[in-house]
Structure formats: structure tokens, C-alpha cells
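This report walks through one protein chain. It starts with the overall build and ends with single residues.

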Amino acid sequence: MLVVAVSEAAKRSTLLGALIASLPLTSLLAMIWLYVDTGDAEKVADLAGAILWLVLPSLILFLALPVLIRLGWGFWPSLATASAVTVAGYLALVRLLGALGISI
């Protein structure tokens, strides 16, 4: 349902579609659910902190995809490459955080 809403909104307004897609609905629902299940605000804080770190490499996708498409790559090769680079970003960040003694 959310994917349809984003797609339909983006047909009318890129800004509106992007706004809906960028809402951290999954994160909010997960934090609420975790708190309701455990009553432990510290666990929610830990989850929010881990999400913050992991949002950073996800931004790679949103940088790489439009660049590749505007360079003339097709949609599917651009999506595949941007996704692969994003996965590499996640792996690199997890290693870096581990080396710095930061656990997520």
C-alpha cells in the first residue's frame, strides 16, 4: 500500500512522492513495538542509534542511482550497480565501526 501511495504521489509531484518515501515509518513502528513489548526505553535508544549509523550507507543508493541514470546507464543496470555499491557501503561501515570499538 505504501509503495502504491509513493508511486501515485510521485506521478503528480516528485517532492510529495519523495516526502512519503522518506518517512521512517518502519523505524517508528519498530521502536513503538519494541517499547510496547519490552517497556525498555534504553533498548529503543539503542535501536534508534543503530538505525542512525545504518542510514548513512543507505544514502549511497540515492546518490549513485541518479548519477548513473544521468550518465546514460539504463534503469536496471543503474539500480543493480547502486544497490551493490550500497551493500559495499554497509559492509565498510560495519567494519569501520567495529575497528573503532562501536557496536551496533
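What follows covers the fold, the last helix, the surface patch, the salt bridges and a few single positions.

**Overall build**

The model is predicted. The protein has five helices and zero strands. Read from the N terminus, the order of elements is α-α-α-α-α.

How does the radius of gyration of the protein stand against that of a compact globule of 104 residues? The globule would come to near 13 Å, but the protein has 17 Å. Along the principal axes, the C-alpha atoms fill a box of roughly 50 × 35 × 15 Å.

Of the 104 residues, 18% are buried. The accessible surface is about 7,700 Å². Carbon and sulfur atoms account for 75% of that surface.

Contacts can be sorted by sequence separation. Taking contacts between residues at least 6 apart in sequence, 37% join residues at least 24 apart.

**Helix 5**

Helix 5 spans residues 75-99. It holds 25 residues. From its first C-alpha to its last, helix 5 reaches 36 Å. That is close to the 36 Å expected at 1.5 Å a residue.

Which residues of helix 5 are buried? They are Ser78, Ala82, Thr86, Gly89, Leu93 and Leu97. Helix 4 is included in what covers these buried residues.

Just after helix 5 comes glycine 101, with a positive phi of about 80°.

**The nonpolar patch**

A nonpolar patch lies on the surface. Its members are Trp53, Val55, Leu56, Leu59, Phe62, Val94, Leu96, Leu100, Ile102 and Ile104. Together they have about 900 Å² of accessible area.

Which helices each supply at least two residues of the patch? Helix 4 (41-70) and helix 5 (75-99) do. Helix 4 gives the largest share, five residues.

Leucine 56 is one of the patch members. It is found in helix 4. Its relative accessible area is 44%, so leucine 56 counts as partly exposed. Entry to a patch calls for over 30% relative accessible area, and leucine 56 has 44%.

Side chains of opposite charge can pair when their charged atoms come close. In this model the count comes to two salt bridges.

Glutamate 8 pairs with lysine 11, and their closest N and O atoms are 2.8 Å apart. The two residues are three apart in helix 1, so about one helical turn separates them.

Glutamate 8 also meets arginine 12 in a salt bridge, at 3.7 Å from N to O. Both lie in helix 1, four residues apart, about one turn of the helix. Through shared partners, the salt bridges join Glu8, Lys11 and Arg12 into one network.

How exposed is each partner? Glutamate 8 is partly exposed, with a relative accessible area of 32%. Lysine 11 counts as exposed at 61%. Arginine 12 is exposed as well, with 66%.

**Single positions**

Alanine 5 sits in helix 1, which covers residues 2-12. Its relative accessibility is 36%, so alanine 5 counts as partly exposed.

Proline 66 lies in helix 4. It is partly exposed, with a relative accessible area of 26%. The C-alpha atoms of proline 66 and leucine 79 are separated by 9.3 Å. Along the chain, proline 66 and leucine 79 are 13 residues apart.

| Residue | Relative accessible area | Class |
|---|---|---|
| Alanine 5 | 36% | partly exposed |
| Glutamate 8 | 32% | partly exposed |
| Lysine 11 | 61% | exposed |
| Arginine 12 | 66% | exposed |
| Leucine 56 | 44% | partly exposed |
| Proline 66 | 26% | partly exposed |

Note on methods:
Residues are numbered from 1 along each chain as its sequence is written. This is a predicted model: local features need pLDDT of at least 70, side-chain atom pairs count only at pLDDT 80 or more; totals for chains, interfaces and linings use all residues. Side-chain values use heavy atoms; hydrogens and water are left out. Patches are made of residues with over 30% relative accessible area and no salt bridge: like charges are joined within 9 Å, nonpolar side chains (Val, Leu, Ile, Met, Phe, Trp, Tyr) within 5 Å. Accessible areas come from the Shrake-Rupley method with a 1.4 Å probe; for residues, only the protein chains shown count as cover. A salt bridge is a side-chain nitrogen of Lys or Arg within 4 Å of a carboxyl oxygen of Asp or Glu. Buried means under 20% relative accessible area, exposed over 50%, partly exposed in between (1.4 Å probe, protein chains only). The radius of gyration is taken over C-alpha atoms; the globule rule is 2.2 Å times the number of residues to the power 0.38. Contact means heavy atoms within 4.5 Å. The expected span of a helix is 1.5 Å times one less than its number of residues.
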